[in-house]
Amino acid sequence: LFIPGRECRYRGPTQELLSEVSSLSSKVHLEVVDFYQHRDEASSRGIDRIPALVIGAGKDGNVRFYGMPSGLEFALLLDSIVAASDQRSSLQLETRRQLKALDEDVHIQVFVTPTCRYCPSVARLAHAMAMESSRVTADVIEIQEFPDMARAYTVMGVPKIVINDRLAFTGAVSEEVFVQRVLQAVG
């Protein structure tokens with residue numbers, strides 16, 4: 001886990017939550033990086049706002065959560081940590097095949113709120129796709145902490161999914177529909 005931050009309203013509670021989670025297992029490591037002192041590193045990882053959690057080993061950083069994973073999103077955090085350590089996809093074989101055939105990068109943004117009961121399932125799918133393919137980056141963005149992004153992407157309901165800034169849709173969808181929309185966004 002990687003969380004850059006300083007002078008952010010949610011930094012303290014987010015860091016405390018992640019410290020508690022990482023203390024539960026010696027296999028989970030929390031690295032706290034100051035966003036302002038290490039802007040180049042943050043920028044190279046595509047991090048442009050805080051708090052940002054990067055889930056996974058090494059420098060890949062294609063599974064991210066912006067904001068504090070609270071409410072129903074806490075389970076997503078735990079599931080993503082387990083999935084990253086398991087290195088075994090929960091996606092269907094056909095979905096994995098389609099993701100491996102991608103010939104361009106995909107950026108999935110899933111806008112969520114802590115109380116939305118449909119958001120975690122869509123966010124899990126996005127994170128699973130990013131874990132399955134290095135061509136996919138999946139950002140889960142908590143809109144109460146990033147209202148500017150909610151306005152920029154005209155988020156009127158959640159979960160709202162934006163793929164490559166080309167295709168947007170709202171609501172929970174099946175894995176099959178989600179991967180078809182990803183393929184549609186890349187042409």
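**Whole chain**

Begin with the cartoon: the chain has 7 helices and 8 strands, where helices (H or I, at least four residues) and strands (E, at least two) are DSSP runs numbered from the N terminus. The radius of gyration, 15 Å, is close to the 16 Å that the globule rule gives for 187 residues, so the chain is as compact as a globular protein of that length; the radius is taken over C-alpha atoms, and the rule is 2.2 Å times the number of residues to the power 0.38. This is a predicted model, in which local features need pLDDT of at least 70 and side-chain atom pairs count only at pLDDT 80 or more, while totals for chains, interfaces and linings use all residues. Residues are numbered from 1 along each chain as its sequence is written, and side-chain values use heavy atoms, with hydrogens and water left out.

**Largest core**

Next select Ile108, Val110, Met129, Ile163 and Phe178, which have the most contacts inside the largest nonpolar core, a set of 40 residues. Such a core consists of buried Ala, Val, Leu, Ile, Met, Phe, Trp, Tyr and Cys residues joined through side-chain atoms within 4.5 Å, buried meaning under 20% relative accessible area with a 1.4 Å probe, protein chains only. Then colour helix 5 (residues 119-132), which supplies the largest share of this core, 8 residues.

Centre on Phe178: leaving aside neighbours within four places in sequence, its contacts (heavy atoms within 4.5 Å) include Val122, Leu125, Ala126 and Val173.

**Second core**

Finally, select Ile47, Ile50, Val54 and Phe146, which are among the 15 residues of a second, separate core.

Key: Buried < 20%, exposed > 50% of the residue type's maximum accessible area, 1.4 Å probe, protein only.
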